[in-house]
Amino acid sequence: MSVRDAGERRSLRLGDAGLLLLFVVLAWQALYEAVGEVALTPPVATLANAGALLRSPVFWGHAGATASAFTASLAIGAAAGVAAGLALGFRRFSGLVAEPILTSLYTLPKVTLYPLVLLVFGLGLSAKIAFGVMHGVIPVILFTMNAVRNVDPVHLKTARALNLTALQTAATILAPAVAPEIFTGLRVGFSLTLLGVIIGEMFASQRGLGFMIINGINTHNVPTMMAVILLIVAFAVAAGTLLLVADHKLHRRR
Amino acid sequence: MPATGDPRARLSGVTKVFDTGNRQGTVHALGPVDLDLAAGEFVTVVGPSGCGKTTLLETLAGLTSPSAGTVAFEGKPVLGKVPRGIGIVFQEDASLPWLTVWDNIAFGLRRAGLAADEIRARVDYAVSFMGLGAFAAAYPAQLSGGMRQRVCIARTLVLQPRLILLDEPFGALDQQTRLLMGDEVLRLWRETKASVLLITHAIDEAVMLADRVGILSARPGRFIELVETGWPASRSSRIVAEEAFGRLTAHIWSKLRVEAMKALGRVGEVSRAGP
Amino acid sequence: MSRVARAQLAVVCGFFAVLELLTRAGAIGPLTMIPPSAMAARLWTMLMDGEINAAMAQTFANVAIAFALSVGLGFAAGLTIHGLPRLRRLFDPLLASYYAVPFFVFYPLLIALFGLNRWPLVAIGLVFGAAAMVIATLNGLDRVPPVLRKLARAHGLGRAQAILLVVLPAAAPHLFTGLKLSLAYSFIGVIAGEFILSGSGLGHAIADAYDSFDNPTMYALMLFVVALAISLNAALHVWEQRMMARRSRR
């Protein structure tokens, strides 16, 4: 494919994205006209408020708190999820036993378990992190487990035919074979962990973006609430898109 | 009104050019190809991989429209729809996993709006004709690949088509099963008196089954030669033991070898050039 | 009962047994957690006295409405998006980051829109549940073997007939997954909405018990919600296995 075609397609796609954005903005404006300022602010004003937030040190303090809790949750969820997923993937029977239990846990309304988390961890950072991990870890486990299960047996036979050591097999056959699916699991875990941390901050914290939102709701500070939500959604969609592109690249290589 | 002189099916100057999607270009996949299929005739088409065999069949069926040229079935042009009277068996497993063998075979008949006892009679006949009696209530998942392909053949057979198109129907089966399935198709052909066009990459299969064998060139596929086999209608897979079979097979391979090498060489060029 | 099922039962029972032991022995204090048997006992009296009947009726009705709307609208949207590849390319990244958005923060907006009644909660359940159905529908339609679409044309089926007789049954396993997830997410959305913001329903009852330090009631309700989610899930799992057994023995 020539460079020109790629460029043309990209501009076509940008045009489509622009149309979608325009549609969202118009729908948003119409909603505002219908409902009024009690519940939301119009698009342009929200964007201006978000811009003002980005220049205020108070916002960055809260964003920093969310970022550190999110990073910690993600690191714990990823490490624990991949480890558990590998273990369950290699032990077929344990995997079969665990899978429906894990899916059930995944479908629980985890918000209702929040009081339990608070009673165990107390108010503060650790409760937020625990809540983020609770939301994000299960998809990581499930995707990792299935990645290991679906390794093509002929690849393992090839490793034996080539007399590779266990370490060599793990590094040159297993790791590349399971990496794309594990990445997908981490991508799904990323979104859910973010959700978990934000919800956690809505109850258990005096800091963080979730706290800013719930505070906005409680004090009827609609402009701040809307601006924070806009920034979170923008971050989630931007990160989600980048991860999705990377995900597609990883999968296409196979 | 179809004139009595019309062949069962006719391809005239059929060409297919695919748009690759990125504007860099188009791929000339097939043709121009001319072919007349007489009533009751069995024609097989062999060619190297990627020569447009499947495109040829799908164009004749009305699943793909030709870029140039015309297709006619019983004197009427084929335009973007599969005409009644043409039955198709695909290369891939097209059995419907949610239906039993019996219901799979009845699938097309039910769409055609036949009376229930007519459907039952035809399906029961096809089930026993294809040797599926013990599996009528089974689901495709419980059958072997060969059995599933029989289900697909039976599903086409019950519609009593006047032209049967088979696209490498035994491609996924082992050699011995293929020869036996070839016998089944011959039996079916004699029974239905339909015209048959069968696409294959296996030269022995092409020679054993056909009245005429069409040899396609490397892409874009064109007929290099149409070989008359001269077999009697009562032939079977035992024909492979005959001297004439060996001669025909050798002749077709001598024509195809160059084309197959071209097809391979093309692959080589592409991989050298990189993605 | 299979070996796997027995092991699963053992894991679940073992978990509750350990919890019972730890709480009875005092390793976990009564202010943190009460023994599962006490939760069950409290739940039993609550169910017998009918003190949560109203909350249950409200929550279940909301979940049912949200679920039905999720499946219907999600499926229709999935079908539409699948038919429009340009729209699809735009929606894929949005769907991928969809569940990162804490939608129940829009509860005040929904109240402004619908008023103080069940519909804001139903809307939250719908917003959660529909996306799962859209994603599953897209997945299912992507995986319909092209040869089956050709088969539909070879039999001269029209667009509607092809969808009804070939495409839908072929996509059924994925659509079923969508159904399961959609139910789970509708449930999550409604309960979470009640828990965080609303003044009624099971979710609110848990939050209320937490705020008034009524641990037995809170844990009894949690146990109820957890047991409900797990049994719904298990029932759908068994039904799915039965339905799909005959087609997946390949």
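1. Two strands are said to pair if DSSP finds at least two bridges between them. With that criterion, strand β6 (residues 86-89) of chain B and strand β7 (residues 163-167) of chain B pair in the parallel sense, over four bridges. Within this pairing, Val89(B) stands opposite Leu166(B) in β7(B). Both faces of β6(B) are covered, with Ile86(B) and Ile88(B) buried on one side and Gly87(B) and Val89(B) buried on the other.

2. What follows should be read with the origin of the coordinates in mind, as this is a predicted model. The predictor assigns the complex an ipTM of 0.82 and a pTM of 0.82. Chain A averages a pLDDT of 86, with 96% of its residues scoring at least 70, while chain C has a mean pLDDT of 87, with 98% of its residues at 70 or more.

3. In chain A the lowest mean, 78, belongs to helix α1 (residues 3-35) of chain A, and the highest, 93, to helix α3 (residues 57-90) of chain A. In chain C, helix α5 (residues 107-114) of chain C has the lowest mean pLDDT, 80, and helix α3 (residues 53-83) of chain C the highest, 92.

4. Chain A has ten helices and zero strands, and its C-alpha atoms fill a box of roughly 70 × 60 × 30 Å, taken along the principal axes. Of the 254 residues of chain A, 46% count as buried. Among the contacts in chain A with a separation of 6 or more, 73% come from residues 24 or more positions apart.

5. One helix of chain A deserves a paragraph of its own. Helix α6 (residues 125-149) of chain A has 25 residues and reaches 36 Å from its first C-alpha to its last, close to the 36 Å expected at 1.5 Å a residue. Even so, α6(A) bends by about 35° at Gly136(A), and a proline, Pro139(A), follows within four residues. The helix is mostly covered, as 19 of the 25 residues of α6(A) are buried.

6. Turning back to chain B, which strands flank strand β3 (residues 42-46) of chain B through parallel pairing? Five bridges join β3(B) to strand β8 (residues 195-200) of chain B, and the two run parallel; β3(B) also pairs in the parallel sense with strand β9 (residues 212-216) of chain B, over four bridges.

7. Strand β1 (residues 9-19) of chain B is joined to β2(B) by eight bridges, the two running antiparallel, and Arg10(B) stands opposite Asp36(B) in β2(B).

8. Arg150(B), found in helix α4 (residues 145-157) of chain B, counts as buried because its relative accessible area is 16%, under the 20% cut-off. Not counting residues up to four places away in sequence, Arg150(B) touches Met130(B), Gly131(B), Leu132(B), Met181(B) and Glu184(B). Ala25(C), which lies in helix α1 (residues 3-25) of chain C, counts as exposed because its relative accessible area is 66%, over the 50% cut-off. The C-alpha atoms of Ala25(C) and Phe104(C), 79 residues apart along the chain, are separated by 40 Å.

Conventions:
Residues are numbered from 1 along each chain as its sequence is written. Chains are lettered from A and ligands numbered from 1 in the order in which they are written. This is a predicted model: local features need pLDDT of at least 70, side-chain atom pairs count only at pLDDT 80 or more; totals for chains, interfaces and linings use all residues. Side-chain values use heavy atoms; hydrogens and water are left out. pLDDT is the predictor's confidence in each residue, from 0 to 100. The expected span of a helix is 1.5 Å times one less than its number of residues. The bend at a residue is the angle between axes fitted to the seven residues ending there and the seven starting there. Buried means under 20% relative accessible area, exposed over 50%, partly exposed in between (1.4 Å probe, protein chains only). Contact means heavy atoms within 4.5 Å.
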